[in-house]
Amino acid sequence: MRHLRAKGRASPALSASARSIPATGAQPTPATRGSRGKKLMKTSLKYLIPALQITKGVSSACPQLQSAVEALLIVLEAYKKYSEATEAIGTLLSRIQSLNEILNKSQSADNCPPSLKDSLVTLASKLQEVAGDAEKVQAKGWIVRLVKASDYAERIESWVKRLDQYIHSFLLERTIAVELAVHQGFAAVDSGLDKMNEGVAAVKEKIIELHCDVNHKLEDDALRNNLRPVIEARWDYGSSVHEKCHENTRMEVMATLCSWLRPDDPRLTKLPTPVVSAPFDRSILWLHALAGSGKSTIAMTIADWWDMDGLLGASFFCARDGDRSNINCIFRTIAYQLAIRFPAFREQLTKILKSDPDLYSSTSTRQLQRLIVEPLHAVHADTKRKATLTAHVAIVIDALDECKDDAAVSTILKSLALHIGRLSPLKFLITSRPEENIARGFLQQSLDENTHKLALNKVPGELTRRDISAFLQWRLDEIRVNFALDTSWPSPQQLKNLIDLSELLFIFASLATRYIQDDIGRDPERRLASLLDAGNEATANRGTSTSPFHILDSLYVQVLQNAVPKNVALDDAGRKDEAALRAKLKLILGAIVLAEQRLSPTTLDALLDLSAGTAKRVLPVLSAILTMPDRQDHTTPISIIHLSFPNFLIDPTRCTDQSFLVRPRIQHSHIAFRCLSIMNMTLKYNILGVASEQDCVLNSEIPDLPARLSRNIPAALEYACRYWTRHLCEAEVGEDLLTALEEFCECHLLHWLEALSLLGCVDGAVEALQSVQTCLKASILKCSYPLCDPYSTVLLQNESLRSTDVPSLLYDCERAIRAYYPIISTSAMPMYSTIAVFAPAGTPIPLAFSPDEIYVACAKENGSIQLLNAHTGAELQILNSHSNECVSCLSFSPTGKELLSCSEDGTVALWDVATGAILNTWEAHSGYVCSVAWSLNGTLAASASDDGTVGVWRMASPENMVVLQHGHWMRDVVFAQDGDLL
């Protein structure tokens, strides 16, 4: 058996042990042998105890055997429990040791959170308690452990349960902590996302606002381009000369205006009783009075109040300079401001302008209907948008009498009369002097029924005197403090005398204090005394004069004479210098009061051909009536304090000092002559110096356009280009002016159009040219005044205008603008090769239209002729024949199939338009040929030369030219309509 067991197959236990021995053949260690022994004992007990239990059951017949077996079973079972307990304790301690290693490693980690570290420490201490109990049992002797094996088994089971409980508690705690952390994390994420959503929503809202702002800006730009509003006419325009009422003055009048616009105006609780009762149901309030009564000041103040209250819809403060005097600008400017103020109105107005973008050029009546009435009606029809209009919308039109309107009845008022019932909720405050055409306008039935008329001269005199007294006291107190005068200045009598002299005109009070301030002489006491003396003298010498401006006029004369005081001690040379200074001052003042826009001192010097700095040296002495820019400021324009001064300066019944009286027609003649002279000297082809590779771009695409314009088209040249026609139409056209005009028309009309295109003001060119043509057709000059100003250079004559080509040149230019306005207004340089205008002999760039206006023939400087498509500007042919000599004239045949040209080389050429081929050449003249022409039926042609000869031939037999001797140099040749006369 022992032999067989050694040679046979090993048991599973042995096989396992054998596999655990290293393959090197090393001997088993004591630990290995102990482990094998324990396993062998465990296996033996596993099979021995069941066998003994069976033996016990079957040995009942032998009680001694049964007792022995039972005792052996007790010992073996106890040993088994002892063995199991010992093994369990070892396993338990080993497990605890493994857990402690894990816990210690986790606690020592740098990134272990404090809460987790606390939990790990707690769990480790509990594990150590269990380990301590187990180690105590393990330390007892084996006999004790054998005897108490059953108790130890229960204790081990409790330890395991405790250990399991501790671990599960730890896991549960950490799971909950993790859940809470995750929840808090998600909550924080949610909160962060909510904040992010709020941020995104805010960004989205800002983007939407920005988008709306951009859209509104684009819409506003489109509106501005389509409506061309006069921004300078706003009540709060930065360069306005108007001022608001002095504090606590004119309060009764202001209360009247507030109660008229809305009876529930909260301001009324703090204002005195209205000066008159103004019915709320009247759509118009006409505030009228003489010049200098404070109408514009009141309009400024109430516009400011209504703007702060959100009630001001639009304002237009008229003036005599620029577009503020143009009645066709009023309603389109009001429409623009309403569109900016009310989005619903803007939406409807935009729709109208898309269908008719040129409404800005229509009549005032049509502008009011299309640009204001129709959008208002559309907003009212939309119930959702109707509420966006406030219940009271104020429109302020100030100084309507300053607009140029020759109609018997004010054009603006006639327009309002047609639509007054359809303008709700708009209410119009209109101020003006009581001019006849304005007063007549308010007599129209529809306006008479809807207008409240408030005359400032009806305001009780004591109220006006009180307000003027308050203003004067305030201004004189300022002057006294600024000049460190005695507290007794001015005396009560002086103040009363000054108030009396004002004659209830606020403008007198304002100008008087400006005159007294005397920043140059710095002697207010002397100025006040001289002013009172002059005023009292004027009052004493009034005689039968009923002029309401008698004292004011004396103030103006005092200011002017003080600027250039007469010195009786001067010798002849000194008197001449004094007269020259007065003439220079008169010239400058005349330009200021008659200019179409306000001018800076630098521009005035250039426009009037004065030495640089003249205006700034001469004008500061007139600070009482003019507002001058700082000495270093070269761009800010000069402003007139009050419009009553221009009226005074050009009225011979008011300005009694002839050395300052401005005669408008003479002054306009001089300004027109200077405008033409500046353009003749300065205008040229490609004035901005655009590179040749960029000469086909749009104006807006020219690099650095604003800087180029500032550099190459200075303010004086810009003014001349814009306004020469207006001054010419008001001028006495004499020989000098006509000669300058001829030079301009023959040499610079195209250059002028180029400048207008670059300046963006071609739109008024057609009307301007028409007005000049009408003016020139009235050829009889009636010069009422002799020319005596040494600084005026225009020669006026009492005779009819001589024959001139100027009207026909201007007409051709007008026709070209009409035909090619889109190109001219947007592209200055391509214009030259696109349009065809005026082509008399001697014109630097002869051009000609074909009768059907399909072709344009354009002479080039090298003697060639460029044939272009009149509609696209595309080049079709280049015709060469004239020996590099300048072509002087071009003329299409009546059929448009042939083209005649003549040149300084003395030749005449006939061209086939379709092929560009030369059909014939004539050399019958010894000098250069100035002009060619066709008879209306195309059978005859003629040429004229500076050698005094005229050539005539039949087109059927071109070789038979007849040469006629005229005897004098000729400029042009033309056939009569029937072809019988030449």
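Q: What do β12 and β13 form, and which residue in the turn has a positive phi?
A: The two strands form a hairpin with five residues between them. Gly 896 sits in the turn, with a positive phi of about 80°. Strands here, like helices, are DSSP runs numbered from the N terminus (E, at least two residues, for strands; H or I, at least four, for helices). This is a predicted model, in which local features need pLDDT of at least 70 and side-chain atom pairs count only at pLDDT 80 or more, while totals for chains, interfaces and linings use all residues. Residues are numbered from 1 along each chain as its sequence is written, and side-chain values use heavy atoms, with hydrogens and water left out.

Q: How do you know that β12 and β13 pair?
A: Pairing requires that DSSP finds at least two bridges between two strands. β12 and β13 (residues 898-903) have five, in the antiparallel sense. Among them, Cys 889 has Cys 902 of β13 as its bridge partner, and Leu 890 has Ser 901.

Q: Why is strand β12 described as largely enclosed?
A: A residue is buried under 20% relative accessible area (exposed is over 50%, partly exposed in between, with a 1.4 Å probe and protein chains only). In β12 (residues 887-892), six of the six residues are buried, so the rest of the structure largely encloses the strand. Across the protein, 46% of the 982 residues count as buried.

Q: What makes β12 and β15 edge strands?
A: The open sheet has four strands in the order β12-β13-β14-β15, with antiparallel pairing. β12 and β15 (918-922) each have a single partner strand, so one side of each lacks a neighbour in the sheet. Neighbouring strands of this sheet are turned by 15° against each other on average, direction ignored.

Q: How many bridges join β17 to β18?
A: Five bridges join β17 (residues 940-945) to β18 (residues 949-954), and the strands run antiparallel. Leu 940 stands opposite Arg 954 in β18.

Q: In which sense do β2 and β3 pair, parallel or antiparallel?
A: β2 and β3 (residues 393-398) pair in the parallel sense, over five bridges. Ser 315 stands opposite Val 396 in β3. Six of the six residues of β2 (residues 312-317) are buried, so this strand is largely enclosed by the rest of the structure.

Q: Why are α28 and α31 called roughly parallel?
A: Angles under 35 degrees count as roughly parallel (over 145 as roughly antiparallel, 65 to 115 as roughly perpendicular, the rest as oblique). The axes of α28 (residues 715-729) and α31 (residues 765-777) cross at roughly 25° and come within 9 Å. The two helices are therefore roughly parallel to each other. Axes are lines fitted to C-alpha atoms, for helices over the stretch in contact, and angles run from 0 to 180 degrees between N-to-C directions.

Q: Which residues make the contact of α28 and α31?
A: Contact means heavy atoms within 4.5 Å. α28 contributes Trp 724, Thr 725, Leu 728 and Cys 729, and α31 contributes Ala 768, Ser 771, Val 772 and Cys 775. By class, six are nonpolar, two polar and none charged.

Q: What makes α31 roughly antiparallel to α32?
A: The axes of α31 and α32 (residues 806-819) cross at roughly 160° and come within 9 Å. That angle makes α31 roughly antiparallel to α32. α31 passes α32 in a left-handed crossing. The contact includes Leu 769 and Leu 776 of α31, and Leu 810 and Ile 817 of α32. This contact has eleven nonpolar, two polar and two charged residues.

Q: Why does Leu 594 count as buried?
A: Its relative accessibility is 13%, so Leu 594 counts as buried. The residue lies in helix α22 (residues 572-594). Leu 594 touches Val 662, Pro 664, Gln 667, His 668 and His 727, leaving aside residues up to four places away in sequence. Leu 594 and His 727 are 133 residues apart in sequence and 8.8 Å apart in space, C-alpha to C-alpha.

Methods: Nonpolar A, V, L, I, M, F, W, Y, C, P; charged D, E, K, R; others polar. Left-handed = near helix turned anticlockwise from the far one by under 90°.
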